[in-house]
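Please consider the sequence and the model shown below.

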Amino acid sequence: MTGTMSRYSGTPAIMAEGWTCSRLTPASRLHGANGIRAAADGRIWVAQVPGSLISAVDPDSGAIEVISPIGGDIVAPDDLVFDEAGNLYCTEITEGRVSMRTPSGQVSIIQGDMPVANPITWHQGRLIAGECRMGARIMELDRNGGALRIIKADIPMANAFEVGPDGRLYVPIMGANEIWAIDLATGEHQVIAGDLGVPDSVKFDSKGRIVTTQVMSGQVLRIDPVSGSREVLADLGPGLDNVTFLGDRIFVSSIPGEISEIIAPGQTRSVIPRALQWPLGLAVGDDGCLMVADGGFSYTLTHAGSLDLAFMLFTHNGPGYVRGVCRGSKPGEWIFTTGMGGVARFSPADGAIEWITSGHDQLMGVATCGDAVIYAEYGTGRVLSAENGTTTELAAGLDRPMGIAVDGSGAVYVAEAGAGRVLKLSCGGCETVLDGLERPEGLCISGGRLHVVDTIAKSLIRCDLAGDNRTVIASRLPVGPPPGCVALPFLGPIGDMSGPMINFAGIAAGADGTLYLSADAEGSVMAINADI
């Protein structure tokens with residue numbers, strides 16, 4: 001394998017003799033790109049929720065420096081802003097809090113009771129932050145720990161906002177598909193623009209015009225706040241998140257780790273290319289194409305190597321944030337486990353959806369056995385089967401079950417991540433078929449053999465269905481947290497969009513025996529083949 005292997009290790013995988021590995025999608029350079037802010041150093045600072053990182057990007061060279069690393073004091077940062085002294089304030093969306101980082105790197109929590117903390121801005125010595133949920137609040141915070149002041153409440157999902165030239169706070173209201181101007185003293189608001197493409201950021205250029213990203217349509221709009229006239233500056237595809245300025249230069253972030261510069265209306269330049277954030281579940285369709293569940297985005301990876309967006313978090317009537325996936329019974333149909341605890345049968349081409357079950361706690365891997373859908377409930381330690389409206393418990397009391405696979409006889413295999421083993425469930429019994437692992441996650445069966453991804457050992461293990469003839473196919477894989485780092489879990493829900501965000505390095509097998517691996521540590525999909 002050539003090129004940089006991992007965002008974390010930068011070292012290539014080691015393959016066992018007779019095996020080869022290739023990357024089907026490019027490794028991402030940013031582990032997501034959410035809030036962005038131009039800094040005094042001339043760089044663009046980027047908050048990365050899935051990577052739990054803050055990085056600084058040189059807008060001309062594309063060079064990236066990690067400012068706050070994974071495993072550091074700041075967890076899942078979503079938006080950020082600087083004050084005049086160079087202090088950095090950021091919202092931590094899954095933790096429901098706002099933190100401050102001094103120029104020397106010291107971090108403290110300013111506010112710890114902000115569910116789905118998201119937008120934040122600084123204006124004339126005032127720190128203003130808000131929530132991205134139904135019934136959200138926007139508030140002014142006291143940096144010294146004093147009481148907060150509610151500016152406005154009961155807002156349908158506020159996102160990245162800015163105080164305009166007239167002293168009002170301009171807020172993209174995602175739940176209403178509008179932009180509001182809010183009086184900071186009274187909380188009264190005026191609708192400035194509506195019928196948009198789901199706005200998720202508002203900033204002002206040097207001429208006092210609104211520049212706003214649209215997460216659903218993928219457009220960047222420039223709006224005159226007085227006349228209401230608007231123009232399309234760029235159409236960059238769904239998933240846009242935020243915008244910032246270096247002088248009159250406009251930079252836009254996209255959730256899948258992309259930074260773009262808008263040179264002129266209709267003309268853009270890629271600073272950091274779009275890629276996967278942290279691929280989770282994988283499944284191979286009847287046509288041999290691969291479905292890649294990437295949290296808020298799901299893609300079809302075609303034979304030609306094209307990564308086509310199948311649906312996203314805000315797709316109408318879609319399953320939302322997804323984690324595990326397996327092939328459905330009909331062509332073009334897939335079964336997903338979702339971040340909100342549901343199992344959905346979904347066809348992206350026609351939007352047909354059927355909710356098989358819901359209300360579960362942190363669902364992971366999923367597989368089918370005849371008409372039954374088998375899935376792992378990580379939060380409660382159960383493996384469940386749903387069929388014809390009836391749910392049956394196959395196993396309970398497990399330690400963080402993740403991957404699920406079913407063999408030709410109907411026996412169910414489950415990767416028990418917390419216990420470091422793989423179990424076989426059959427005829428009402430449970431037996432260990434593979435133990436001594438560190439954190440098994442993805443699991444699949446191909447050619448009558450079991451394949452397990454161990455994200456702490458960074459290895460891919462193969463054995464027969466009885467657990468014998470164990471072989472390490474690959475080691476030093478770009479999966480899981482960086483070596484020596486304990487990644488903090490994102491246990492807080494993101495409002496109505498997602499429950500806890502948990503890594504899940506999936507694996508799937510093609511009809512020809514090719515193994516497909518979610519290299520979640522670098523944001524790529526890898527193909528592993530027997531070179532014989």
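Predicted model: local features only at pLDDT ≥ 70, side-chain atom pairs only at ≥ 80, totals over all residues.

Residues are numbered from 1 along each chain as its sequence is written, and side-chain values use heavy atoms, with hydrogens and water left out.

Helices (H or I, at least four residues) and strands (E, at least two) are DSSP runs numbered from the N terminus, and two strands pair if DSSP finds at least two bridges between them. Strands of a sheet pair through backbone hydrogen bonds, either parallel or antiparallel. Three bridges connect β27 to β28 (residues 290–294), and Ala283 stands opposite Met291 in β28.

A second open sheet to examine also has four strands, ordered β39-β40-β41-β42 and paired in the antiparallel sense. Here β39 (401–406) and β42 (429–434) are the edge strands, each pairing on one side only. The twist in this sheet averages 30° from one strand to the next. Five bridges link β41 (residues 421–426) with β42 in antiparallel fashion, and Ser426 is placed opposite Gly429 of β42.

Strand β33 (residues 343–347) has antiparallel partners in β32 and β34. Four bridges join β33 to β32 (residues 334–338), with Thr337 opposite Val343. The hairpin formed by β32 and β33 has four residues between the strands, and Gly341 in the turn has a positive phi of about 85°. Five bridges join β33 to β34 (residues 352–357), where Ala352 is the bridge partner of Ser347. That hairpin also has four residues between its strands, with Gly351 at a positive phi near 75°. Are the residues of β33 that point in opposite ways buried or exposed? Val343, Arg345 and Ser347 point one way, Ala344 and Phe346 point the other way, and all are buried. Buried means under 20% relative accessible area, exposed over 50%, and partly exposed in between (1.4 Å probe, protein chains only).

Strand β35 (residues 363–369) is mostly covered, with five of its seven residues buried. It pairs with β36 (residues 372–377) in the antiparallel sense over five bridges, and Cys369 has Ala372 as its bridge partner in β36. Two residues lie between the strands of this hairpin, and Gly370 takes a positive phi near 65°.

In soluble globular proteins, nonpolar side chains tend to be buried together. A nonpolar core is a set of buried Ala, Val, Leu, Ile, Met, Phe, Trp, Tyr and Cys residues joined through side-chain atoms within 4.5 Å. The largest such core has 50 residues, and those with the most contacts inside it are Leu290, Val292, Val383 and Ile404. Apart from it lies another core of 17 residues, among them Val453, Ala505, Leu515 and Met526.

A disulfide is a covalent bond between the sulfur atoms of two cysteines; here the criterion is a pair of cysteine sulfur atoms within 2.5 Å. A search of the whole structure finds zero disulfides. For Cys326, the nearest cysteine sulfur is that of Cys369, 11 Å away. Cys326 is buried at 9% relative accessible area, and Cys444 is buried at 6%.

Glu162, found in strand β15 (residues 162–163), is buried with a relative accessible area of 17%. A polar contact of 2.7 Å joins its side chain to that of Thr121; such a contact is a pair of N or O atoms within 3.5 Å, and within protein one must be able to donate a hydrogen and the other to accept it, with residues adjacent in sequence counting only if both atoms are side-chain atoms. Met157 lies in the loop between β14 (149–155) and β15 and is buried, with a relative accessible area of 11%. The C-alpha atoms of Met157 and Met134 are separated by 5.1 Å, although these residues are 23 residues apart along the chain.

Notes:
Axes fitted to C-alpha atoms, helices over the stretch in contact; angles between N-to-C directions.
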